[in-house]
There are 2 protein chains.
Amino acid sequence: MPEEPKTARGRRTRERIVVGAAGLIERQGVEATSLDQVLAAAEASKSQLYHYFADKQALVRAVIAWQAASLVEGVEEGLSRIDSWASLDAWFETLVAHQQAMDCHVGCPIGSLAAELADTDEAARQDLARAFDSWAAHLRTMLDRLRERGLLTPGLDTEQPAYAVLAMIQGGLLLAKTTRDPERLRAALVAVGGYLRSLAPPS
Amino acid sequence: MPEEPKTARGRRTRERIVVGAAGLIERQGVEATSLDQVLAAAEASKSQLYHYFADKQALVRAVIAWQAASLVEGVEEGLSRIDSWASLDAWFETLVAHQQAMDCHVGCPIGSLAAELADTDEAARQDLARAFDSWAAHLRTMLDRLRERGLLTPGLDTEQPAYAVLAMIQGGLLLAKTTRDPERLRAALVAVGGYLRSLAPPS
């Protein structure tokens, strides 16, 4: 039976396997990634792998958890600084700049996993839905802050706007990755910025 | 050498293979779809397959062309009827209703192909980028019509707004498919509708 690592060394081995798998999956997708490739990338043995993961599906779920945690950590920090339209636009620009720096490869790891797995792996779909919900909750906290500062209409329910921002980021990243043009992401973010401004109190 | 079908019967065989492959790929992705599965779904022989397609990659490109053509045909018809905010909202509602009817499975076939192939198959990526560009061009024609009718600011360049609509549809479909909740798509479409209205001439 697979188990949680009991020692620091065990935790490092498990993490090396997950990070190695995450990198391969980010570049080539889940289905195209074999366990042999993961072992080579992580410099781990088959017995180490099966010590921590029952099968490939279990490893994939660990990769989703790892990607979701990294993402939420990054997003949380960026979002916590947004308290004005200018700081929102600046955050959007960091997303565009990141895509430019990556030549628009990869896009969003959670989005790519969702596109590949939502219809074929129900447990993974649920994990990914929770990752999106968690990301949307952080966006909502940010939008609530803008509302408290008087930038959005008092009493506005920010749940749907938060999912709209997330949808725009996902769609913009997918278009940017497919066309290799970061302007597609910028167009999406400019639009969602315009939408949010349209929710400002009447001046 | 693979060749184009010369007879009506040949065209039907080739189409049966492409449609069979498209259905499998829609449900499980490119990497998870084997040529043997395609042959079984299309009730075709290996020699028929290789008569028309050099390899799996060539078949995948034919599937992309077929999906892009079906999509643009459907989109073109729906968009041609939009000449007011009410008819735009009605079109958005048909997209949400379609997802509801499908229990939010599948999403957008072109979007799913793009998410899977953009970083691993350069020829497919270019085909998919062209499919997105063609879709955006149809959205642009629709937005130009709204502008000519006085609903958008005179002289507005509709290129980026068209890509924003496409990004919102893609992102909304991905969230709906992952969370199995069509409201996520509706939130995205409401947002892009609000953005477009914010581009109306000052009243």
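**Domains, chain interface and helix packing**

In chain A, the centres of domain 1 and domain 2, taken over C-alpha atoms, are separated by 28 Å. The contact, meaning heavy atoms within 4.5 Å, takes 10 residues from domain 1 of chain A and eight residues from domain 2 of chain A. Domain 1 covers 1–54 and domain 2 covers 63–197, with bounds that come from an automatic or database domain assignment.

Before I continue, please note that this is a predicted model, in which local features need pLDDT of at least 70 and side-chain atom pairs count only at pLDDT 80 or more, while totals for chains, interfaces and linings use all residues. Residues are numbered from 1 along each chain as its sequence is written, chains are lettered from A and ligands numbered from 1 in the order in which they are written, and side-chain values use heavy atoms, without hydrogens and water.

The area buried between these two domains of chain A is about 750 Å², of which carbon and sulfur atoms give 71%. Buried area is the accessible area (1.4 Å probe) that two parts lose on being put together, summed over both.

I turn now to the two chains. Between them, chain B and chain A bury about 3,600 Å², with 66% of it on carbon and sulfur atoms. Of the area that chain B buries against chain A, B:Asp119, B:Leu175 and B:Thr178 supply 17%, more than any other three residues. In residue terms, 44 residues of chain B are in contact with 44 residues of chain A.

How do the helices α8 of the two chains cross? Helix α8 spans residues 159–179 in chain A and in chain B, and the two axes come within 7 Å and cross at roughly 110°. The helices α8(A) and α8(B) are therefore roughly perpendicular to each other, a term for angles of 65 to 115 degrees. Among the residues making this contact are A:Tyr163, A:Met168 and A:Leu175 of α8(A), and B:Tyr163, B:Met168 and B:Leu175 of α8(B). By class, the contact has 14 nonpolar, six polar and no charged residues.

Finally, a pair within chain B. The axes of α5 (residues 85–101) and α9 (residues 182–197) of chain B come within 9 Å and cross at roughly 165°. That angle makes α5(B) roughly antiparallel to α9(B), the term for angles over 145 degrees. Residues of α5(B) including B:Trp85, B:Phe92 and B:Gln100 meet residues of α9(B) including B:Pro182, B:Leu189 and B:Arg197.

Key
Axes are lines fitted to C-alpha atoms, for helices over the stretch in contact, and angles run from 0 to 180 degrees between N-to-C directions. Helices (H or I, at least four residues) and strands (E, at least two) are DSSP runs, numbered from the N terminus. Angles under 35 degrees count as roughly parallel, over 145 as roughly antiparallel, 65 to 115 as roughly perpendicular and the rest as oblique. Ala, Val, Leu, Ile, Met, Phe, Trp, Tyr, Cys and Pro count as nonpolar, Asp, Glu, Lys and Arg as charged, and the others, Gly among them, as polar.
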